[in-house]
Amino acid sequence: MTLSPVYSPIGDQGIRILLDPSISEKTHVLIQSFMKQFKENPPGGTIEAVPSYGAITVYYDSALTTYDQLLPALDAYVNKAEAGSFKQAHLYHIPVCYEEPYAPDMEKVIKHTGLNRKRLISMHTKPDYRIFMMGFTPGFPYLGGMDERLAVPRLDTPRSLVKAGSVGIANQQTGIYSITSPGGWNIIGRSPISLFHKEADTPILLQAGDFLNFYEISAADYRTIKEQVKQNTYTIRVKTKRV
C-alpha cells in the first residue's frame, strides 16, 4: 500500500499524521504497525501516540523536542509500517441481552430497517467486529464490519444517561458504552460485561486491533452473568483469531 502521509502541527505539543481520510482495514493495520514501533522505541521527548481511524496524533514535551526534530523519526515509522505485520489478534466474545428493558430502541431500529427482531439480532451477532479505535469514553470500542442493512441515524436528541454495557447503533457503526454517560446511539441491547475497571492494573478490557463478537443471551442469563461479574467469578471467552 502506497502511503502519502500528511503531517500537521497540533498546537505546539502535537503532530497529526493523516494516513487516509477514509475508514479501511488496510489503513487500520498500518496504524497498528506504527503504534507497535512507537511503543517499542518511542522517540525522545514524546509523551504518547493516540490512534484513530485513519490518523495518529503524537504528543510531545516541547521543552525536550520540537516538531521538526520529531518528523524524521515518525516518518521512518510510517515508511516501515507493513500491512502484513500482524498475523493474529484477540477475539472477545461478549454476551448481549436484546430484550426489554435493555433494548429501548429495538422497535425503532426494526421499523427503520424493515427487519424482524430475529433477523436483526442474527445479523448483529454474525460478524467478528474489528476494534478500529477507542474513545469517546475510557474503554468505548468503535467497531468496523457491521452489516450496512442495520444502519440507522443517531438519535435526534441524545439521552442524558445511557447505562454502561449498552450496545448501540449509529449510522454504519456499532459499539458498547463502557461507562454510564450521555449518548446519542440507538440502544438495541445491553451486555452485563464491564469494559472499564478504574481500579484495575489494566483498566480497559479491549484494545484497538483486536476483534469482538456479540452473542445473544436471555434476560435471566443477563442477571446471572451480572452477578458473576459483581462477584468477580465470570470469565470472558477470548480466542486467538488469525488475520
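Me: Among contacts in the chain between residues at least 6 apart in sequence, what share joins residues at least 24 apart?

Reply: This is a predicted model: local features need pLDDT of at least 70, side-chain atom pairs count only at pLDDT 80 or more, and totals for chains, interfaces and linings use all residues. Residues are numbered from 1 along each chain as its sequence is written, and side-chain values use heavy atoms, leaving out hydrogens and water. A contact means heavy atoms within 4.5 Å. Of those contacts between residues at least 6 apart, the share joining residues at least 24 apart is 67%.

Me: How many helices and strands does the chain have?

Reply: Both kinds of element are DSSP runs numbered from the N terminus: helices are H or I with at least four residues, strands are E with at least two. By that count, the chain has five helices and 14 strands.

Me: Why does the chain count as being as compact as a globular protein of its length?

Reply: The radius of gyration is taken over C-alpha atoms, and the globule rule is 2.2 Å times the number of residues to the power 0.38. For 243 residues the rule gives 18 Å. The chain is as compact as a globular protein of that length because its radius of gyration is close to that value, at 19 Å.

Me: What box do the C-alpha atoms of the chain fill?

Reply: The box is taken along the principal axes. Its dimensions are roughly 55 × 40 × 40 Å.

Me: What share of the 243 residues counts as buried?

Reply: Buried means under 20% relative accessible area, exposed over 50%, and partly exposed in between (1.4 Å probe, protein chains only). In this chain of 243 residues, the buried share is 47%.

Me: Which residues of helix 4 are buried?

Reply: Helix 4 spans residues 117-125. Its buried residues pack against helix 3 (106-113). They also pack against strands, including strand 6 (129-134), strand 9 (166-170) and strand 13 (211-217). The buried residues are L120, I121, M123, H124 and T125.

Me: Which residue caps the N-terminal end of helix 4?

Reply: Look for a side-chain oxygen 3.2 Å from the backbone nitrogen of K118. That oxygen belongs to N116.

Me: Is K118 buried or exposed?

Reply: K118 sits in helix 4. Its relative accessible area is 73%, so K118 is exposed.

Me: What distance separates the C-alpha atoms of K118 and N79?

Reply: Along the chain, K118 and N79 are 39 residues apart.

Notes: Polar contact = N/O pair within 3.5 Å; in protein donor to acceptor, adjacent residues only side chain to side chain.
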